[in-house]
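Trainee: I would like to learn how to read a few features of a model. Could we take them one at a time?

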Amino acid sequence: MTIAIRTDDLHVYFDKNHALKGVSMDIEMNQVTAVIGPSGCGKSTFIRCINRMNDLIPGCTVKGKVLVDGMDINDDDVDVVDVRRRIGMVFQKPNPFPKSIYENVAYGPRLHGVVETGNGKGRRRKHTKRELDEIVEHSLRRAALWDEVKDRMDKSGTSLSGGQQQRLCIARTLAVDPEIILFDEPCSALDPIATAKIEDLLVDLKKDYTVVIVTHNMQQAARISDRTAFFYLGDLIEMGDTKQIFERPQKEFTEQYITGRMG
Amino acid sequence: MRKNRHLPPREKAIQLALTVATWSSVLALAAVFGELLLGALPALSSISIIDFFTGTVWNPSHPIYPLYGILPLFVGTMMVSFGAALIAIPVGLGCSIWLAELASPRVKAIFKPAIEILAGIPSVIFGFFALVILSEWIAVVFEPVTKLNALNGAIMLAVMMIPIMVTVAEDAMNAVPMSLREASLALGATRWETVRHVVIPASLSGVVAAVVLAFGRAVGETMTVLMATGNATALHFDLLRSVQTMTAAIAIDFGEVEFGSEHYHVLFLVGLVLFVMTFLINFLADWVTRRFKEDY
């Protein structure tokens with residue numbers, strides 16, 4: 001197995017609050033890795049380090065390394081825009097833009113254009129209408145939403161149901177062709193049927209992408225993930241194969257949480 | 001809405017008081033409009049309405065042949081307010097974007113109230129500043145025909161428009177949920193791309209309303225332009241020459257006009273035109289606000 005993301009002694013502070021206390025973790029490529037733990041344990045903070053979304057929070061300091069493809073994304077030389085293009089994120093509450101379904105998916109590709117490599121150097125150009133149409137259709141198909149929206153591509157993204165909105169957000173993320181996709185409790189605002197659809201989708205996506213999902217739903221982690229990490233009060237308590245974590249947890253904290261005696 | 005017939009007297013009294021308050025403000029507006037209309041009507045019978053709207057000379061105090069062409073005043077108003085808008089829109093929007101998107105919370109906590117205080121300064125103070133200081137600066141930089149001119153008024157009005165614009169536009173941008181910005185940034189958009197493609201479209205109705213509102217204020221502003229622009233009534237399109245606006249004409253002429261004379265009634269007519277203009281501008285703002293509403 002190849003390591004997609006490696007964190008090394010990762011600390012996060014919100015002003016004086018020490019939210020993440022030295023997390024070192026390996027996340028493997030083309031697997032679903034679940035991050036579980038009680039509210040406030042730092043699990044969202046952790047995945048927001050991977051695409052540097054914590055940069056946006058005033059008073060937030062990140063220390064330690066996050067290596068993606070062997071490169072530390074916290075390095076000053078790294079372009080954060082490039083990091084976020086390569087590492088997509090789907091949020092807790094579906095947040096489609098108040099634009100048409102088509103424009104929602106085309107948003108990322110339109111920003112980045114196509115990089116053409118001719119005679120040794122890359123040139124950036126805009127997508128043609130046809131290329132864009134193809135990306136939009138392909139991304140919507142991949143997010144299992146195409147059949148439901150293909151006849152109303154010009155309707156607002158916000159007119160869809162919650163579950164559809166979340167799949168639209170996934171399609172929007174897929175459209176920029178990331179390597180890693182981070183999911184921050186993607187089903188917490190959805191009903192069970194919509195949740196099941198997203199879960200199927202996540203398992204399917206790992207063929208092409210590395211998936212990291214934060215969830216407070218332990219059954220969900222057990223159902224869809226290959227490996228599970230348990231966080232408690234800013235510490236990574238235990239990480240291992242999902243089966244092992246749920247059946248034979250090594251740490252007492254983990255067992256207490258999984259059996260519902262804590263959190 | 002179904003009425004509850006068992007309301008206690010206290011509730012009834014409060015409802016009545018609120019209804020009265022609302023009606024009295026609506027009635028006050030109607031009364032002002034009625035008064036303008038009644039005052040303007042006699043003018044319509046003594047002068048030609050076509051001459052009024054197309055006349056290029058405003059010389060109401062001529063003893064034998066008074067001329068009541070509104071064009072010089074109208075053009076004066078437009079030059080000053082469009083000139084002000086041209087300055088205020090880029091500065092005001094830039095300021096709103098900076099406050100909403102870039103400023104740290106601590107800086108914003110100082111700047112926003114400071115800008116809002118600017119909106120509360122009496123217009124006579126701005127007029128005084130334009131008359132005494134700004135006109136001198138303009139004189140040095142542009143060497144204008146007259147020291148008090150349209151540009152002087154426009155710049156001063158722009159300063160007065162900016163706080164109104166910033167207050168409204170920044171609120172609109174602030175109301176755009178953080179989650180939409182995060183969505184855009186997480187797709188690899190830069191901060192500016194996010195502002196341009198997400199924040200501005202989502203807050204466009206508020207931003208446009210801010211611009212139109214500020215413009216309406218500029219058209220109706222009297223004291224500042226009266227003091228700043230020199231009040232010459234010749235028709236021209238030179239920003240560096242003196243102009244008189246419709247508002248200033250009413251304010252100045254009313255002081256000396258003979259009660260009930262033709263001139264007196266024509267001033268009501270000018271006021272009516274001004275009233276209709278600002279009404280249309282506000283109506284436009286309302287329409288635009290609803291037309292471009294992006295629901296998030």
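This is a predicted model: local features need pLDDT of at least 70, side-chain atom pairs count only at pLDDT 80 or more; totals for chains, interfaces and linings use all residues.

Trainee: Start with helix packing. At what angle do the axes of α3 and α4 of chain A cross?

Mentor: The axes of helix α3 (residues 101-112) of chain A and helix α4 (residues 129-142) of chain A cross at roughly 110 degrees and come within 9 Å. An angle of 65 to 115 degrees counts as roughly perpendicular, and α3(A) and α4(A) are therefore described that way. Their crossing is right-handed.

Trainee: Which residues make the contact of α3(A) with α4(A)?

Mentor: From α3(A) come A:Ile101, A:Tyr102, A:Val105, A:Ala106, A:Pro109 and A:Arg110. From α4(A) come A:Lys129, A:Leu132, A:Asp133, A:Ile135, A:Val136, A:Ser139 and A:Leu140. By class, this contact has 9 nonpolar, 1 polar and 3 charged residues. For reading such lists, recall that an α-helix has 3.6 residues a turn, so residues three or four places apart point the same way.

Trainee: In chain B, how do the axes of α3 and α8 cross?

Mentor: Helix α3 (residues 71-102) of chain B and helix α8 (residues 191-220) of chain B have axes that cross at roughly 145 degrees and come within 9 Å. The crossing of α3(B) and α8(B) is right-handed. Among the α3(B) residues in the contact are B:Phe82, B:Ile89 and B:Leu93, while those of α8(B) include B:Val199, B:Val207 and B:Phe215. The residues of this contact divide into 14 nonpolar, 2 polar and 2 charged.

Trainee: How many aromatic pairs does the structure hold?

Mentor: In general, a pair of aromatic rings is described by the distance of the centres and the angle of the planes. Over all chains, the structure holds 15 aromatic pairs. One aromatic pair is A:Phe46 with A:Phe231, at 5.2 Å centre to centre and 45 degrees between the planes, which makes a tilted pair. A:Phe46 lies in helix α1 (residues 43-50) of chain A and A:Phe231 in strand β11 (residues 227-232) of chain A, so the pair ties together parts that are 185 residues apart in sequence. In chain B, ring pairs link B:Phe254, B:Phe259, B:Tyr264 and B:Phe268 into a cluster.

Trainee: Are A:Phe46 and A:Phe231 buried or exposed?

Mentor: Both A:Phe46 and A:Phe231 are buried. After α1(A) comes A:Arg52, with a positive phi near 55 degrees.

Trainee: Where are A:Glu185 and A:Leu233 found, and what is the phi of A:Glu185?

Mentor: A:Glu185 sits in the loop between β9 (180-184) and α7 (192-205) of chain A, and its phi is near 45 degrees, a positive value in a residue other than glycine. A:Leu233 belongs to the loop between β11 and β12 (235-241) of chain A; it is not a glycine either, yet has a positive phi of about 50 degrees. A:Glu185 is buried, with a relative accessible area of 10%, whereas A:Leu233 is exposed, at 51%.

Trainee: Which residues does A:Ala222 touch?

Mentor: Leaving out residues up to four places away in sequence, A:Ala222 touches A:Thr242 and A:Phe246. A:Ala222 lies in helix α8 (residues 218-224) of chain A and is partly exposed, with a relative accessible area of 39%.

Terms used: Residues are numbered from 1 along each chain as its sequence is written. Chains are lettered from A and ligands numbered from 1 in the order in which they are written. Side-chain values use heavy atoms; hydrogens and water are left out. Axes are lines fitted to C-alpha atoms, for helices over the stretch in contact, and angles run from 0 to 180 degrees between N-to-C directions. Helices (H or I, at least four residues) and strands (E, at least two) are DSSP runs, numbered from the N terminus. Angles under 35 degrees count as roughly parallel, over 145 as roughly antiparallel, 65 to 115 as roughly perpendicular and the rest as oblique. A crossing is left-handed if the near helix is turned anticlockwise from the far one by less than a right angle, and right-handed if clockwise. Contact means heavy atoms within 4.5 Å. Ala, Val, Leu, Ile, Met, Phe, Trp, Tyr, Cys and Pro count as nonpolar, Asp, Glu, Lys and Arg as charged, and the others, Gly among them, as polar. Rings of Phe, Tyr and Trp (its six-membered ring) pair if their centres lie within 6.5 Å; planes under 30 degrees apart count as stacked, over 60 as edge-to-face and the rest as tilted. Buried means under 20% relative accessible area, exposed over 50%, partly exposed in between (1.4 Å probe, protein chains only).
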